[in-house]
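Let's take a friendly walk through a protein model. Keep the picture at hand as you read.

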Amino acid sequence: MPYDAMSDCSDETLLAAYAAGDPAAARALTMRLGPRAFGHAMRMLNDRAEAEDIVQEALLRLWRAAPGWREGEAKVSTWVYRVVSNLCIDRIRRRRGGHVDIDAVAEPPDPSPSAEQGLQDTARGQALQAALDTLPDRQKQAVVLRHLEGLSNPEIAGIMDIGVRAVESLSARGRKALQGLLAPRRAELGYDDD
Amino acid sequence: MTDKRKAEEGAMAPWFEAARADAPAPSGDWLARMERLALDEMPSPRPDPAAEAAPAARRGLGARLGTSLRDVLGAVGGWPAMAGLVAACATGVWFGAVPPSGVSDWLSVSAADSVMTLEPTSGFDDVMLGL
C-alpha cells in the first residue's frame with residue numbers, strides 16, 4: 001500500500017498491514033502514534049529522555065503484539081496511551097521511592113516552595129506543566145488526557161481502566177487544584193490583560 | 001474542542017489552550033530511530049497472491065515443462081494411470097520384437113490365404129451393369 005494512501009486508513013488497518021510486512025504501514029503508524037505518545041509521556045514526566053525511553057518501550061510492545069492483534073478488540077491509540085500511562089506512573093512512583101496510594105488522596109497537596117518559585121519563572125505553558133507536576137498521578141493523568149490530549153471521557157476510562165464517572169471526578173479535582181495553584185500567577189503571566 | 005470540554009475547563013481554558021499550543025514534539029532523530037525499530041520488528045511479508053497466479057509464460061522453461069507434465073498427468077488420471085500406459089506400451093514393443101508362437105502361426109502364409117479381398121469399385125461396376 002503506498003504511503004500517501006494511508007492517511008485515510010484507521011490505526012487498526014495499518015497495524016494489520018504492518019503485521020503482514022508492509023513497511024509503509026510501519027512508517028505511517030510510527031509517524032501517527034509516536035508524536036502523540038511522546039507528547040503524553042512528556043506531560044506526565046516532564047523529562048525528554050525518560051519520555052523517549054518509555055514511548056520506545058510502548059511502541060516495541062505494540063510491534064510485538066501486532067501479529068496477534070484481533071480487529072475490534074481494542075483501539076490501537078487507546079492501547080498505546082494505556083501502556084505509556086502505566087509506564088509513566090511506574091516511573092513517577094520509582095522517582096518518589098515507593099508506592100503512593102493516590103486514590104486515598106482526596107485533594108492535591110499544597111504547592112511546594114520550589115514549585116511556587118518555578119511558576120514565577122516560567123511562561124504560561126510551563127507554568128501549567130509545573131502545576132501539573134504537583135498533582136497526584138491519577139489526577140494528572142486524567143487532566144492531561146482530557147484537556148491536553150483532547151480525548152473523550154469514555155476513551156480515558158478505557159485507558160485508566162476505571163469508570164467514566166471516576167474520570168470526571170479525577171479531572172474535576174485536578175482542574176480545581178490547578179486553578180488554585182495558578183490563580184496567584186494570573187496577573188504575572190498576563191491573563192488578567194486578556 | 002467539544003462544547004462539553006470547553007464548559008468543563010471554565011477559567012482554566014486559557015491555560016489549557018496555551019499548553020495545547022505548546023505541545024512537546026519529539027526530535028526528528030528519535031522519530032527516525034522509532035521508524036527503524038518498527039521496521040526491525042516487522043514480520044516478514046506474506047507471499048503475494050498475485051505473484052502466485054502469474055501466467056506460465058513469465059516462468060522459466062523448466063517450470064513450464066513441469067506444468068505441462070502435470071497437465072498431462074491430470075488428463076490421463078494421474079501416476080497410476082500413467083504406469084498402466086507404460087506397461088501396455090512395453091508389452092506391445094515386446095510382442096513386436098519376440099512374438100509368441102501362437103501369434104506367429106496366425107500370421108503365417110497359410111492363414112493369409114484365407115483372407116478374402118473386398119473390392120468396392122467392382123461392386124459399383126456390377127450395379128451399373130444392372131441398370
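Two residues are in contact when heavy atoms of theirs lie within 4.5 Å. Keep that cut-off in mind, and remember that this is a predicted model.

We can start with Glu52(A), a residue of helix α3 (residues 48-65) of chain A. Setting aside residues up to four places away in sequence, Glu52(A) touches Phe38(A) as well as Ser27(B), Trp30(B) and Arg33(B). Which side chain of opposite charge is nearest to Glu52(A)? It is Arg33(B), 4.1 Å away. A salt bridge needs a side-chain nitrogen of Lys or Arg within 4 Å of a carboxyl oxygen of Asp or Glu. Glu52(A) is buried yet has no salt bridge.

Next comes the space inside. The structure holds one cavity of 30 Å³ or more, and the largest cavity has about 40 Å³ of space. Its lining includes Leu33(A), Arg36(A) and Tyr81(A). Two elements of chain A, α2 (23-45) and α4 (76-96), each give two or more residues to this lining. Here is how the lining residues divide:

| Kind of lining residue | Number of residues |
|---|---|
| nonpolar | four residues |
| polar | one residue |
| charged | one residue |

One lining residue deserves a second look. Leu33(A) sits in helix α2 of chain A. Is Leu33(A) buried or exposed? Leu33(A) counts as buried because its relative accessible area is 3%, and buried means under 20%. Beyond its neighbours within four places in sequence, Leu33(A) is in contact with residues including Asp11(A), Leu59(A) and Val80(A). The C-alpha atoms of Leu33(A) and Tyr81(A) are separated by 9.3 Å, though the two residues are 48 residues apart along the chain.

Technical notes
Residues are numbered from 1 along each chain as its sequence is written. Chains are lettered from A and ligands numbered from 1 in the order in which they are written. This is a predicted model: local features need pLDDT of at least 70, side-chain atom pairs count only at pLDDT 80 or more; totals for chains, interfaces and linings use all residues. Side-chain values use heavy atoms; hydrogens and water are left out. On a 1 Å grid over the protein atoms alone, a cavity is a set of points where a 1.4 Å probe fits but cannot get out, and a pocket is an open set with protein on both sides within 12 Å along at least five of seven lines; lining residues have an atom within 4 Å of a point. Grid points are joined across faces, edges and corners, and a volume is the space filled by probe spheres set on the points. Helices (H or I, at least four residues) and strands (E, at least two) are DSSP runs, numbered from the N terminus. Ala, Val, Leu, Ile, Met, Phe, Trp, Tyr, Cys and Pro count as nonpolar, Asp, Glu, Lys and Arg as charged, and the others, Gly among them, as polar. Buried means under 20% relative accessible area, exposed over 50%, partly exposed in between (1.4 Å probe, protein chains only). Lys and Arg count as positive and Asp and Glu as negative; His and the chain ends are not counted.
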